[in-house]
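This report goes through one protein model, taking its confidence, its helices, its charged pair and its surface in turn. Please keep the sequence and the structure in view while reading.

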Amino acid sequence: MAISQGVGVSLATGVRAFLPPLAVGVLARANAGVDFNGTGYGFLESIPWLAALVAVVALVVLLERGGMTVPVVALGAAGVAIGALEFAGSLADEGYAAGAGFPAGVVCAALGFVAAQAFFGRAAARARSGGEAEAASLVELFAQGAALLLAILAVLVSPVAWIGLAFALWVLVVQRRRAGQKYQGLRILR
């Protein structure tokens, strides 16, 4: 169960870097499904950490509403780093060695980030190129909601995380297949 929880939380953190760890921290403060106290990861539910996450979420929202874009690479790097901490914290919460959580969290968060860029990024780009800024912001809102829901469900009903992992892998396989078909079609035109 600790691995399932770690997979789901780090995957969600890769999708959107700050809102899922904020939700997990709030759940941990309430001891609902996770409790980082008594581990080396107690800071993940501390008030200063949660306040910092709230401040970063607010800053990102304000920048995006102001027409500025936050570099996707920076958000991805933050998501991968926080995802690794969350996975390690989930393992430590159940009394397991947290060291294995770092590489596993990096892989899961990176997978979540790449799959989210393929799934949500393409939809938002199409909406922006079509001049539909409202649709692009709706895609972003849906991405935030999906990441938040996955993180909460991963904590409360941890086996759900495997559905999220399977979906992320499916998105990458479909994207790879479509890319291959696009180039195959170009060869036919020669």
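## Confidence and conventions

In which helix is confidence lowest, and in which is it highest? Confidence is lowest in helix α7 (residues 160-189), at a mean of 79, and highest in helix α2 (residues 19-29), at 96, where pLDDT is the predictor's confidence in each residue, from 0 to 100. The protein averages a pLDDT of 89, and 94% of the residues score at least 70. Helices here are DSSP runs of H or I with at least four residues, and strands are runs of E with at least two, both numbered from the N terminus.

The model is predicted, and for that reason local features need pLDDT of at least 70 and side-chain atom pairs count only at pLDDT 80 or more, while totals for chains, interfaces and linings use all residues. Residues are numbered from 1 along each chain as its sequence is written, and side-chain values use heavy atoms, with hydrogens and water left out.

Helix α4 (residues 72-93) has 22 residues, which at 1.5 Å a residue should span 32 Å, and its end C-alpha atoms, 31 Å apart, agree with that; the expected span is 1.5 Å times one less than the number of residues. Just after α4, G95 takes a positive phi of about 90 degrees.

G89 lies in helix α4 and is buried, with a relative accessible area of 0%; buried means under 20% relative accessible area, exposed means over 50%, and partly exposed lies in between (1.4 Å probe, protein chains only). Leaving aside neighbours within four places in sequence, G89 is in contact with F36, Y41 and L44, contact meaning heavy atoms within 4.5 Å. From G89 to G66 there are 23 residues in sequence and 35 Å in space, C-alpha to C-alpha.

T13, placed in helix α1, is likewise buried at a relative accessible area of 0%. Not counting residues up to four places away in sequence, T13 touches P20, P21, G79, I82, G83 and E86.

## The salt bridge

How many salt bridges does a search of the whole structure find? The search finds one, taking a salt bridge as a side-chain nitrogen of Lys or Arg within 4 Å of a carboxyl oxygen of Asp or Glu. The side chains of R16 and E140 meet in a salt bridge with an N to O distance of 2.9 Å. This pair links distant parts of the chain, 124 residues apart, with R16 in the loop between α1 (2-15) and α2 and E140 in helix α6. R16 is buried, with a relative accessible area of 13%, whereas E140 is partly exposed at 24%.

## Surface and backbone

F119, F142, F167 and W170 make a nonpolar surface patch of about 450 Å². Patches are made of residues with over 30% relative accessible area and no salt bridge, like charges being joined within 9 Å and nonpolar side chains (Val, Leu, Ile, Met, Phe, Trp, Tyr) within 5 Å; the accessible areas come from the Shrake-Rupley method with a 1.4 Å probe, and for residues only the protein chains shown count as cover. F142 sits in helix α6 (residues 133-156) and counts as exposed at 55% relative accessibility. L138 is also in helix α6, and at 54% relative accessibility L138 counts as exposed.

Most residues other than glycine have a negative phi. N31 has a positive phi of about 55 degrees although it is not a glycine, and N31 is partly exposed, with a relative accessible area of 49%.
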